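Please look at the sequence and the model first, then read the sections below.

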Amino acid sequence: MSRTVSSWILSSARNSIVLQGKGRLYSVCIPNRNKIKWKLVFSKTRPYPAGSCSLDNIFSLKKAFRHTSTEEEQLSFQLSPSQINEILRAGELSHKILDLNGKNVNSVLRFESNQLASNTPIEDRRSAATCLQTKGMMFGVFDGHAGSACAQAVSERLLHYIAVSLMSRQTLEEIELAVECMKPVLPILQWHKHPNDVEYREITSQYFESLRVYWQHLLDLDAEPGFSLEEAMICAFKRLDSDVSLEVQAPQENELMRNIALQVAFSGATACVAHIDGVHLHVANTGDCRAVLGVHEEDGTWSTLPLTRDHNAFDEFETRRLKREHPRSEEKTLFVNDRLLGILMPTRAFGDVQLKWSKELQHSVLENSCDVEGLNIYQYVPPNYHTPPYLTAEPEVTYHKLRSKDKFLVIASDGLWELLSNEKVVQLVAGHLTELNVQKPQLAFEKPVNLGYMHSLLLQRKSRGVASLDQNVATHLIRHAIGSNEYGEVDQEKLAAMLTLPEDLARMYRDDITVTVVYFNSEAIENYYRNN
């Protein structure tokens with residue numbers, strides 16, 4: 001990035017509108033941006049008082065090479081290649097799937113993940129787990145807004161709710177009996193976590209009790225629960241969101257748990273979760289995270305298969321749904337400046353009780369709370385707030401039967417999709433995959449030669465000339481998302497500038513980015529069709 005552009009960035013930030021006593025308004029002076037989520041969320045510059053309980057304090061990540069404010073006198077956008085790599089690779093996670101015999105017969109070959117913060121601390125979360133009492137693996141990406149609390153809670157809890165929804169009555173009865181007898185409970189999930197992935201242990205007992213009430217409800221049903229996978233995912237999403245709402249209304253054991261419940265309920269999170277069992281792929285999406293499939297066609301070219309829709313004002317189905325759910329008198333006020341009630345970009349999300357509860361309930365809960373401002377809870381009832389709820393956490397579930405030509409699945413928060421198209425993401429992952437294959441022993445020249453085979457050879461030749469800097473494909477995507485120039489090439493100066501942007505400026509140019517790429521085992525998928 002040139003010195004002129006760097007200077008313009010600083011000038012634009014320092015001249016942006018500041019409201020007296022309220023901090024900088026995120027939606028002011030944002031060039032070429034149309035997806036800032038919370039129009040009326042302010043950056044608080046006042047530190048929390050001693051002893052205050054904030055998830056943003058608890059979950060803050062270590063900062064490196066980054067300025068804290070555009071008001072600093074000496075600002076430098078220079079980073080060495082090793083410093084750039086250190087920042088980009090800090091959140092890398094990769095895992096290869098093996099069975100007991102050391103041979104992979106799972107339809108998931110491996111997954112690679114990474115995330116990069118824009119907000120301080122990062123508001124995105126991710127999850128990956130193997131189901132132990134049922135079949136399959138689950139991968140989730142969660143994009144928080146108005147803080148990280150809701151995304152943190154959902155990332156810890158949602159996969160458990162889905163797994164419980166899929167259990168047989170016998171398994172649920174065994175787990176309930178173990179709890180009643182105070183015996184060890186059968187493990188439900190095997191987590192695949194990064195060492196820096198956080199977990200809030202002080203409230204684990206509360207989360208477990210809510211989950212127990214849920215499986216007790218399933219046991220109270222007259223018949224075997226017997227949910228289909230789609231029904232299980234929908235039920236789990238809705239039940240967790242309901243529990244988030246109920247927990248903040250219930251008495252809590254102490255002030256810490258009360259404060260966490262408040263922050264979780266009054267912040268929000270979108271979620272995209274994939275469940276993979278053999279050739280059966282289900283994707284449940286609430287909000288504007290996205291899942292895209294990379295398909296290697298028979299002619300050697302790559303195609304893109306989107307498995308989600310962005311739930312926002314630009315989606316015709318969503319606007320129709322909301323208009324059906326509210327009186328005709330509200331049609332013109334449901335969306336203001338392409339935001340729900342002028343506030344929120346996504347039209348589906350966990351938490352965000354400000355857009356779900358009645359005014360009276362909001363007032364009652366907050367009136368009995370401690371230092372609401374210290375918890376960064378912004379009290380604001382939008383105009384034309386007449387018939388809540390306006391927001392839902394109910395997901396849209398897509399089913400896809402995997403084929404041998406389906407090579408990978410990319411799940412990411414909207415921070416990636418704002419900067420790269422679906423097609424570009426698939427192209428980058430495919431190129432990275434080709435590079436890895438080039439490093440293996442080459443096969444004999446195939447005859448007859450078709451166009452797709454020649455295209456593959458050209459990709460390999462290009463890959464030999466410019467090798468990827470990153471082994472982890474999620475890092476590869478993030479590097480290109482924030483560092484690519486107009487020619488699609490990574491510009492080291494631009495990359496350094498984007499990584500060193502001051503905290504009060506970074507959000508104007510990029511959002512938090514979280515990416516998980518799941519690679520499929522083509523051989524296992526082919527064996528499934530061969531045996532069935």
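## A pair within helix α9

Arg320 is partly exposed, with 45% relative accessible area. The model is a predicted one. The side chain of Arg320 forms a salt bridge with that of Glu316, at 2.3 Å from N to O. Both residues belong to helix α9 (residues 316-325), where they are four residues apart, about one turn of the helix.

## Other salt bridges

The count of salt bridges comes to 19. One network of them links Glu318, Arg321, Glu325 and Arg348.

Asp197 and Arg126 also form a salt bridge, and their closest N and O atoms are 3.8 Å apart. This pair connects distant parts of the chain, 71 residues apart: Asp197 is in the loop between β7 (189-191) and α6 (204-220), and Arg126 is in strand β5 (residues 124-131). Arg126 is buried, at 9% relative accessibility, whereas Asp197 is partly exposed, at 24%.

A further salt bridge joins the side chains of Glu297 and Lys405, at 3.2 Å from N to O. The two are 108 residues apart, with Glu297 in the loop between β10 (290-296) and β11 (302-306) and Lys405 in the loop between β15 (396-401) and β16 (406-412). Glu297 is partly exposed, at 25% relative accessible area, and Lys405 is partly exposed, at 27%.

Leu229 is in helix α7 (residues 229-249). Its relative accessible area is 17%, so Leu229 counts as buried, the cut-off being under 20%.

Beyond its neighbours within four places in sequence, Leu229 is in contact with Leu166, His275 and His282. Tyr399 is 170 residues from Leu229 in sequence, yet their C-alpha atoms are 9.4 Å apart in space.

Terms used
Residues numbered from 1 in each chain as written. Predicted model: local features only at pLDDT ≥ 70, side-chain atom pairs only at ≥ 80, totals over all residues. Heavy atoms only, no water. Buried < 20%, exposed > 50% of the residue type's maximum accessible area, 1.4 Å probe, protein only. Contact = heavy atoms within 4.5 Å. Salt bridge = Lys/Arg side-chain N within 4 Å of Asp/Glu carboxyl O.
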